[in-house]
Amino acid sequence: MPASRQSSAAPARLPSDPRFWRSPVRGVRFTSVLGLVLLGGITVLFVTGLLSYAAYNPDLAAVNDKTPEKGLLGFYLFAWPTGPRWLYRVTQGVHVTLGIVLVPVLLAKLWSVIPRLFALPPARSVGRALERVSLLLLVGGALFQFATGLLNIQLEYLFPGSFYVLHFYGAWVFMGAFVAHVVLRLPRTVRVLRHGVAPGERDELASPAPAGMTVSRRGALAVVGAGSLLLLVTSVGRSFDGTWRRTALLTPRGGAEPGSGPNGFQINKTARKAGIVAADTGERWRLTLAGPAGELRLSRTQLLALEQHTAALPIACVEGWSTADQLWRGVRLRDLAALAGYGYEDGDGPPPAVLVESLQVSGPFRSVALRDNQVADPRSLLALAVNGTELSLDHGYPARVIVPAAPGVMNTKWVARMTFGDPR
């Protein structure tokens, strides 16, 4: 046999040869369907991610801002509202659950386009070069964002640096590549979905030497959909109650509740992990209020002697888990602002922002700033009890903050000091 015919008949050994990729499932229509799903899903992820960042009120005070060098990337920030009370529970629950559900779609999409990552030459034109660069940034950015997000959900911080910083800046880099890729590919995607590959047009993702068919493209899409559905069922329960929570097998907040009784609901950080011991919260504990009236130190007994109010509020965390409404009881933050000298009840104007400091001596969010609208909301409490009994140590005894619609870390536990005024 001539050498040339032997060479052409030989199997491809390098990924740069289109014949290396032999799956008959690959094709622009298959990829376009996955791409359209990701277009909608990633857009929702980006918007809910930005909302989560805004919920921390990073432009209020330095203690809230984990990305102080963000510059123009914080252009959209606004005062996070206190209503509806379940706002953060929904936005962050959607963000995390949708991110998990999209994992099979993302992996299938990357599998479908992987031959293009190895295509040679790297660029045949300026347009192809831009598309190739956007594709590399898109793939790297997607893997980075999904990997860090999934590790954060599982409370596994294997990556260097702060999750907030890495995920925030990574999101902007990824979205830049994503937008560029959409602009370059969306017209063809829409055309392929509407009319298919035109006669005489080459399907650049289809294998020139496909292997035998084992599953149809519709079957492959069904497998991807089934994988997403399975992840939905085994993760969404973290944001719900009852039976649904017991199905959240893939998340650390699924399964059994931490104990039973009035304090038997989710705990993100235990007192032991925060370095809090019973001696810190005993008879010697005092809450320090600071403001125009000077400093006032109140014992827990004195706080209990103040007018008590009740609010039914959930706790929702950045990892996507949340509790049902718990019945909190304590002193309104705006009443504490009045004691600090801001005279809200006398009609002298709304209460100011407040800097809340915890007994916790180190770690992120041991100090947080709350906006004036959060202090003014009558449901915002310095909680002393929950569900009819005093707080447990893990839930913030002797006193903790609870604010409607705020991320869980903004509801400071083991409160030691509250400074009313400009937190900057």
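Reply: Let's start inside. The largest cavity has a volume of about 630 Å³. Keep in mind that this is a predicted model.

Me: Which residues are closest to the centre of that cavity?


Reply: Gly49, His95, Gln145, Phe163 and His167 are the closest to its centre. They belong to a lining of 30 residues.

Me: Which elements give two or more residues to that lining?

Reply: Four helices do: H2 (28-55), H3 (87-101), H5 and H6 (163-195). H6 gives the most, with eight residues.

Me: How many residues of that lining are nonpolar, polar and charged?

Reply: The lining of the largest cavity has 19 nonpolar residues, ten polar ones and one charged one.

Me: How many cavities are there of 30 Å³ or more?

Reply: The count is three. The second largest cavity has a volume of about 400 Å³.

Me: What lines the second largest cavity?

Reply: It has 27 lining residues. Nearest its centre lie Gly35, Lys109, Leu138, His181 and Arg185. H2, H4, H5 and H6 each give two or more residues to this lining.

Me: And how does the lining of the second largest cavity divide by class?

Reply: Into 17 nonpolar, five polar and five charged residues.

Me: What about the second largest pocket? How much space is there?

Reply: The second largest pocket holds about 530 Å³ of space. Its lining has 25 residues. Pro115, Arg116, Ala119, Arg202 and Glu204 lie nearest the centre.

Me: Which helix gives the most to that lining?

Reply: H5, with four residues. Helix H4 (103-117) and helix H5 (126-153) each supply at least two. By class, the lining of this second largest pocket has 13 nonpolar, two polar and ten charged residues.

Me: New topic. I clicked on Gln360. Where is it?

Reply: Gln360 sits in a loop. The loop runs between strand S5 (354-358) and strand S6 (367-370).

Me: Buried or exposed?

Reply: Gln360 is buried. Its relative accessible area is 7%, and buried means under 20%, so Gln360 falls in that class.

Me: What is Gln360 in contact with, leaving aside its neighbours within four places in sequence?

Reply: Lys269, Ala274, Ile276, Arg366 and Trp414.

Me: Nice link. Let's zoom out. How many helices and strands does the chain have?

Reply: Twelve helices and ten strands. The C-alpha atoms fill a box of roughly 100 × 45 × 35 Å along the principal axes.

Me: What share of the chain is buried?

Reply: Buried residues make up 49% of the 424 residues. The accessible surface comes to about 20100 Å². Carbon and sulfur atoms account for 63% of that surface.

Me: Last one. What share of the contacts links residues 24 or more positions apart?

Reply: 69%, counting contacts in the chain with a separation of 6 or more.

Notes. Residues numbered from 1 in each chain as written. Predicted model: local features only at pLDDT ≥ 70, side-chain atom pairs only at ≥ 80, totals over all residues. Heavy atoms only, no water. 1 Å grid on protein atoms, 1.4 Å probe; cavity = no way out; pocket = protein on both sides within 12 Å on 5 of 7 lines; lining within 4 Å. Points joined across faces, edges and corners; volume = space filled by probe spheres on them. Nonpolar A, V, L, I, M, F, W, Y, C, P; charged D, E, K, R; others polar. Buried < 20%, exposed > 50% of the residue type's maximum accessible area, 1.4 Å probe, protein only. Contact = heavy atoms within 4.5 Å. Areas by Shrake-Rupley, 256 points an atom, 1.4 Å probe, with all protein chains shown as cover.
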